[in-house]
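Work through the exercises below with the sequence and the coordinates open. Each task is followed by a solution in steps.

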Amino acid sequence: YRFDSFIVRTPSSSVVNGLRADDRGNPTYAGVLAEHAAYIHAVSRAGVEVTVLPPLEAFPDSIFVEDPALVFPEGAILLRPGAPTRAGETAEIAPVLKRLFSSVLDLPRGYADGGDVLTTQNSVMIGLSARTNREGAEALIESLARLGRKGEIVETPKDVLHFKTDCSLLDEETVLTTERLERSGVFKGFRTLLVPAGEEAAANALRVNDVVFVGSDYPRTAELLAAKGYDVVPLRTTEIGKIDAGLSCMSLRW
Ligand code: CIR
């Protein structure tokens, strides 16, 4: 959760057509732009340098740069997003990563979305989901090994978009998660904090250096984290939430 650098991508006007499981109406373009701008401002204040990539009209979900790649201080891995409309995002981010990282690997087969990947100190958890299949997860373990990282395959709760939709790392020992994911037992060895019932979407929080960003629609989660001693900063995710996104999705971090 200690980061120096972020990559984000400016939303294109096509973002209003982003993928979603349940249609609660399109987000507004102005609203997404405002949430994105506030995110850049807030993470910059948390002490990271932000590279802002240009919008891509052809890819409505390309604002969610977390999904087509994985980054570590020691190198990057280009992924193969599981949604057909997002597959082309990898080729768009590849040249940027090749400029910034000396080692950039390709996922050789299968499908994997970065939203399914939780990096902790000792391992990289890869959640199987509708976007990440076993073939992709196994291939990713091989790529991670080439970067000196250990990968492990875990399950994402049914009907949850991504593994990280339901969890985020608060510090080396602590994970914020939902009751349904914690029940699966994946976080053995971690201290877990559960988001209050009704605030499941708050589990996709984002720890950056000394602060924890939490969706501003989830006051009870913010209160819980503040009571545990975290420095909580609320960020609006109302519009991006309509296309199933949270705070981690909008950046690549290392
Ligand atoms: C999608 O369905 O792919 C986008 N509408 C949302 C992606 C959110 N990304 C993430 O959780 N890493």
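**Exercise 1. Helices and the sheet with β13**

Task: In this predicted model, find which strands helix α5 lies across, and at what angle it runs to β13.

Solution. 
Step 1. Helix α5 covers residues 219–227 and lies across β13 and β14.
Step 2. The angle between α5 and β13 is about 160°.
Step 3. These strands belong to an open sheet of three strands, ordered β12-β13-β14, in which the pairing is mixed.
Step 4. β12 and β14 (231–235) are the edge strands, and each pairs on one side only.
Step 5. From one strand to the next, the twist averages 30°.
Step 6. Helix α1 also packs on the sheet, where it touches β12, β13 and β14. The direction of α1 makes about 160° with that of β14.
Step 7. β13 and β14 run parallel and are joined by five bridges. Within this pair, glycine 215 stands opposite leucine 235 in β14.

**Exercise 2. The sheet with β4**

Task: Give the strand order of the open sheet that contains β4, and state which strands stand at its edges.

Solution. 
Step 1. The order is β3-β4-β5, three strands with mixed pairing.
Step 2. β3 (69–72) and β5 (104–106) each have a single partner strand, so they stand at the edges, with one side of each left without a neighbour in the sheet.
Step 3. The average twist is 15° from one strand to the next.
Step 4. Helix α2 (residues 89–100) packs on this sheet and touches β3, β4 and β5. Its direction makes about 165° with that of β4.
Step 5. β3 pairs with β4 (residues 75–78) in the antiparallel sense, over four bridges. A hairpin of two residues joins β3 to β4.
Step 6. Two opposite positions can be read off: phenylalanine 72 faces glycine 75 in β4, and valine 71 stands opposite alanine 76 in β4.
Step 7. On β3, Ala69 and Val71 point one way, while Leu70 and Phe72 point the other way; all are buried.

**Exercise 3. Nonpolar cores**

Task: How many residues does the largest nonpolar core have, and which helix gives the most to it?

Solution. 
Step 1. The general expectation is that nonpolar side chains in soluble globular proteins tend to be buried together.
Step 2. The largest core here has 26 residues. Those with the most contacts inside it are Phe6, Tyr39, Phe64, Val208 and Phe213.
Step 3. At least two residues of this core come from each of β1 (5–9), α1 (29–45), β12 (206–208) and β13 (211–215).
Step 4. With five residues, α1 gives the most to this core.
Step 5. Apart from this core lies another, of 16 residues, including Phe72, Val117, Leu140 and Leu147.
Step 6. For Phe64, leave aside the neighbours within four places in sequence; its contacts are then Arg86, Glu89, Ile240, Ile243, Ala245, Cys249 and Met250.

**Exercise 4. Salt bridges**

Task: Count the salt bridges, then sort the residues of three of them as buried, partly exposed or exposed.

Solution. 
Step 1. A pair counts if a side-chain nitrogen of Lys or Arg is within 4 Å of a carboxyl oxygen of Asp or Glu. By this rule there are 15 salt bridges.
Step 2. Arginine 86 pairs with glutamate 89, with the closest N and O atoms 2.9 Å apart. Arginine 86 counts as buried because its relative accessibility is 4%, and glutamate 89 is also at 4% and buried.
Step 3. Arginine 183 pairs with glutamate 179 at 3.1 Å between the closest N and O atoms. Arginine 183 is exposed at 61%, whereas glutamate 179 is partly exposed at 46%.
Step 4. Arginine 20 and aspartate 23 form a salt bridge with closest N and O atoms 3.0 Å apart. Aspartate 23 is exposed, at 59% relative accessibility.
Step 5. Salt bridges also link Glu66, Lys164 and Arg253 in a network.

**Exercise 5. Cysteines**

Solution. 
Step 1. A search of the whole structure gives zero disulfides.
Step 2. The cut-off for a disulfide is a pair of cysteine sulfur atoms within 2.5 Å.
Step 3. The cysteine sulfur closest to that of cysteine 167 is in cysteine 249, and because the distance is 12 Å, it is too far for a bond.
Step 4. Both residues are buried: cysteine 167 has a relative accessible area of 0%, and cysteine 249 one of 10%.

Technical notes
Residues are numbered from 1 along each chain as its sequence is written. This is a predicted model: local features need pLDDT of at least 70, side-chain atom pairs count only at pLDDT 80 or more; totals for chains, interfaces and linings use all residues. Side-chain values use heavy atoms; hydrogens and water are left out. A nonpolar core is a set of buried Ala, Val, Leu, Ile, Met, Phe, Trp, Tyr and Cys residues joined through side-chain atoms within 4.5 Å. Buried means under 20% relative accessible area, exposed over 50%, partly exposed in between (1.4 Å probe, protein chains only). Contact means heavy atoms within 4.5 Å. Two strands pair if DSSP finds at least two bridges between them. Axes are lines fitted to C-alpha atoms, for helices over the stretch in contact, and angles run from 0 to 180 degrees between N-to-C directions.
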